[in-house]
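Here are some notes to read alongside the structure, written for someone who is new to this kind of description. Please keep the model open while you go through the points.

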Amino acid sequence: MIFQVSQYIKYKFNSIRSTSILNDDLLQLIRSLDKLELSPHYLEKYLKIRQSLLENHSMIEVTDFGKGSKFFTSNQRKVSSIAKVAGISKKNGEQLIKFVHQFQPQHILEIGTSLGLGTSCLSLGNPNADIISLEGCPETATVATSLLQESGLTNIEIKIGEFEKTLPEVTEKRKFDLIYFDGNHSYEATNRYVEICLKTKTPHTIWIFDDINWSKGMNLFWQEFKRKSIIKNYYENWNWGVVRLDG
Ligand SMILES: C[S@@+](CC[C@H](N)C(=O)[O-])C[C@H]1O[C@@H](n2cnc3c(N)ncnc32)[C@H](O)[C@@H]1O
């Protein structure tokens with residue numbers, strides 16, 4: 001928490017905010033989101049899905065993957081509390097729908113489904129895309145599966161299991177235009193996932209890393225990664241690090 005506060009102060013005073021090359025295509029795409037007037041249908045549907053989770057006070061047993069939680073002391077958790085803590089925020093959810101709508105990726109991978117909030121944004125952004133989402137906790141994934149089915153979002157396949165097992169499987173023969181990295185926010189794990197995912201890139205692949213200021217490890221990962229030679233250009237804000245890979 002202390003790390004996040006000090007990072008946020010630096011961020012606000014602009015010392016760590018930057019984008020790469022002005023007028024690059026990634027920056028244009030991001031800037032176009034402010035002007036985009038998306039049909040209210042998409043945002044209303046997303047807000048309805050979000051609300052249904054916030055009103056779901058049933059308890060589930062959450063499987064922990066080693067990092068523990070900054071917020072929960074027990075693995076018995078209310079769905080509504082998980083949605084508040086781990087789910088994508090209202091503002092970022094709207095931004096993700098718009099991003100996908102503008103970019104129109106056909107093959108999307110999400111690493112970290114949780115209750116399916118981010119997944120619903122990916123699906124609403126492009127209902128014609130094929131989406132694979134990975135989640136390790138079976139009970140959380142069950143809630144996500146029901147929610148997405150009840151919401152009529154049918155272009156999603158959730159694969160349950162530890163990323164160490166599911167990620168090599170789904171990346172073996174597939175290419176992804178968009179990967180949304182949102183699970184296991186540690187330096188080592190994120191570097192490992194990136195290595196595994198490299199073979200899935202297309203000439204126009206974009207990767208989004210959520211929570212780049214969540215921890216020192218995530219921040220270090222991002223500071224190193226955005227300077228790698230495989231990055232054509234990048235954009236960052238407080239939550240997201242976005243890269244277009246060199247095709
Ligand atoms: C931040 S949440 C995802 C939030 C979701 N993308 C959203 O926008 O609503 C991260 C999820 O990754 C899962 N996770 C973390 N480490 C994992 C691992 N090593 N293997 C499988 N799942 C893992 C957690 O169970 C959790 O549900």
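1. A word on burial comes before anything else: a residue is called buried when its relative accessible area is under 20%, exposed when that value is over 50%, and partly exposed in between, with a 1.4 Å probe and only the protein chains taken into account. By this rule asparagine 233 is buried, since its relative accessible area is 4%. Asparagine 233 belongs to strand E8, which covers residues 231–236. Helices (H or I, at least four residues) and strands (E, at least two) are DSSP runs, and they are numbered from the N terminus.

2. Please bear in mind that this is a predicted model, in which local features need pLDDT of at least 70 and side-chain atom pairs count only at pLDDT 80 or more, while totals for chains, interfaces and linings use all residues. Residues are numbered from 1 along each chain as its sequence is written, and side-chain values use heavy atoms, with hydrogens and water left out.

3. Which side chain does the side chain of asparagine 233 contact? The partner is the side chain of aspartate 25, in a polar contact of 3.4 Å. A polar contact here is a pair of N or O atoms within 3.5 Å; within protein, one atom must be able to donate a hydrogen and the other to accept it, and residues adjacent in sequence count only if both atoms are side-chain atoms.

4. The ligand is surrounded by 19 residues, and the closest are Glu110, Gly112, Glu135, Phe163 and Asp182. A residue counts as near a molecule or strand if one of its heavy atoms lies within 4 Å of it. By class, this shell holds 6 nonpolar, 9 polar and 4 charged residues. In that grouping Ala, Val, Leu, Ile, Met, Phe, Trp, Tyr, Cys and Pro count as nonpolar, Asp, Glu, Lys and Arg as charged, and the others, Gly among them, as polar.

5. A backbone N or O atom of glycine 112 is 2.6 Å from a nitrogen atom of the ligand, a backbone N or O atom of isoleucine 88 is 3.2 Å from a ligand oxygen atom, and a polar backbone atom of glycine 118 is 3.3 Å from an oxygen atom of the ligand. On its own the ligand has 610 Å² of accessible area, and the protein covers 89% of it. Such areas come from the Shrake-Rupley method with a 1.4 Å probe, and for residues only the protein chains shown count as cover.

6. Helix H6 is mostly covered, as 9 of its 9 residues are buried; among them are Gly118, Cys121 and Leu124. Leucine 124, in this helix of residues 117–125, has a relative accessible area of 4%. The C-alpha atom of leucine 124 is 9.1 Å from that of lysine 98, although the two residues are 26 apart along the chain.

7. Leucine 96 sits in helix H5, residues 90–103, and is buried, with a relative accessible area of 0%. Its C-alpha atom is 9.7 Å from that of leucine 33, a residue 63 places away in sequence. In the loop between H5 and strand E3 (107–111) lies glutamine 104, which has a positive phi of about 55 degrees although it is not a glycine. Glutamine 104 is partly exposed, at 36% relative accessibility.

8. How are the buried residues of H10 arranged around its axis? In this helix, residues 216–225, the buried ones are Met218, Asn219, Phe221, Trp222 and Phe225. Seen down the axis, they fall within an arc of 160 degrees, so they line one face of the helix; the arc is that of the directions from the helix axis to the C-beta atoms. As background, an α-helix has 3.6 residues a turn, so residues three or four places apart point the same way.

9. Finally, a search of the whole structure finds 0 disulfides, a disulfide being a pair of cysteine sulfur atoms within 2.5 Å. Cysteine 137 is buried at 1% relative accessible area, and cysteine 197 is buried at 0%.
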